Amino acid sequence: MNFSGDLPLRADNAPLSIDDNTAPVVLQLNGISKSFGSNHVLRDVSLKVHQGETVCLLGPSGCGKSTLLRCINWLEVPDGGTVHVSNQRMGVRDGSAHKMTDAELARSRARIGMVFQHFALWPHLSVLHNVMEAPIHVLKRPRDEVRAEAESLLNRVGLADKINAFPSRLSGGQKQRVGIARALAMKPDVLLFDEPTSALDPELVGEVLGVMRGLAEEGATMVIVTHEMEFARQVASRIVFMDAGEVIRNRTSGAVLRRAANAAGTAVSRALPGTSRSASGVMKTAPHDRGAAACLIQRVPPIARAPCRPPA
């Protein structure tokens, strides 16, 4: 499919294509499929992520976004297709049909940082030791070196005063920031975020998004499943829309979000007979219908969750 019409222009005014990115490819998915019984969750999904890109995956609940992340690091074994991270195949030994051993898979997963929706911290370990555990036992790095880096990472995510605390004593936002520090401690090639704010109270969302925004500004390579549309607008290099297990749009963030916003506005204007759009696209309502329009707008779901399929 050709999405170049939505991409920015090169110096010669020709549209950029997604493949014009000259940075190394960190993550490449080819034809990923996954079913659970008769439920086809992923259907022939292919995707490239270049070094330094922040790719946001959007789409309705149940469309396969989280399953795709789990297939990337082989927490779910794909039924078909291949996953390569930094040119090394995941789950299967290169040049063969033999699955990796558990030890080989652990080494491969070390190139991928995963931040889970529900934190997945070890409850019996302190914050500091949650961050230290994998570098010591998977990467076999010296304890003193790992401890110094873990303390630095916790300071970076604003938790220097919590290093000796246990997860049960932390807020949801603090737990998720520990999860981010733990992922970074492995020095991964790519970071995967599975709806990192969906389990948080609204007042705690900002502190987690702030850390992620900082990572994007520093050039981390990230794939993020999120419903935070404003965050995606600010941070994403590219937005991938999924529906029914397929990638249906793969575009730069500005183009996607402009179209989604226009679609939402059009839905409101069509629902009210006294509503129209000006030549500039601004929605107008007749004076006697403004109260009704305000009530309807309050009932329109967030753009990130509707419509299921973005406009063509």
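**A mostly covered helix and its surroundings**

Helix 1 is largely enclosed by the rest of the structure, because six of its eight residues are buried; here, buried means under 20% relative accessible area, exposed means over 50%, and partly exposed is anything in between, using a 1.4 Å probe and protein chains only. The structure is a predicted model, so local features need pLDDT of at least 70 and side-chain atom pairs count only at pLDDT 80 or more, while totals for chains, interfaces and linings use all residues. Residues are numbered from 1 along each chain as its sequence is written, and side-chain values use heavy atoms, with hydrogens and water left out.

The buried residues of helix 1 are Lys65, Thr67, Leu68, Leu69, Cys71 and Ile72. Helices (H or I, at least four residues) and strands (E, at least two) are DSSP runs, numbered from the N terminus. Take threonine 67, which is found in helix 1: its relative accessible area is 15%, so it is buried. Leaving aside neighbours within four places in sequence, threonine 67 is in contact with Lys34, Phe36, Val41 and Leu42, where contact means heavy atoms within 4.5 Å. After helix 1 comes tryptophan 74, with a positive phi near 70 degrees.

Glycine 59 has a relative accessible area of 2%, so it is buried. Not counting residues up to four places away in sequence, glycine 59 touches Lys65, His227 and Met242.

A disulfide is a covalent bond between the sulfur atoms of two cysteines. Counting one as a pair of cysteine sulfur atoms within 2.5 Å, the chain comes out with zero disulfides.

Next comes helix 3 (residues 127-137), which is mostly covered, with eight of its 11 residues buried. Those eight are Val127, Leu128, Asn130, Val131, Met132, Ala134, Pro135 and Ile136. Helix 4 and helix 5 are included in what covers the buried residues of helix 3.

Helix 4 and helix 5 also meet each other. The axes of helix 4 (residues 143-156) and helix 5 (residues 172-185) come within 9 Å and cross at roughly 140 degrees; axes are lines fitted to C-alpha atoms, for helices over the stretch in contact, and angles run from 0 to 180 degrees between N-to-C directions. Helix 4 and helix 5 are therefore oblique to each other, given that angles under 35 degrees count as roughly parallel, over 145 as roughly antiparallel, 65 to 115 as roughly perpendicular and the rest as oblique. Leu153, Leu154 and Arg156 of helix 4 make the contact with Ala181, Leu184 and Ala185 of helix 5. Sorted by class, this contact has five nonpolar, no polar and one charged residues; Ala, Val, Leu, Ile, Met, Phe, Trp, Tyr, Cys and Pro count as nonpolar, Asp, Glu, Lys and Arg as charged, and the others, Gly among them, as polar.

Finally, the whole chain. It has nine helices and 12 strands, and 48% of its 312 residues count as buried.
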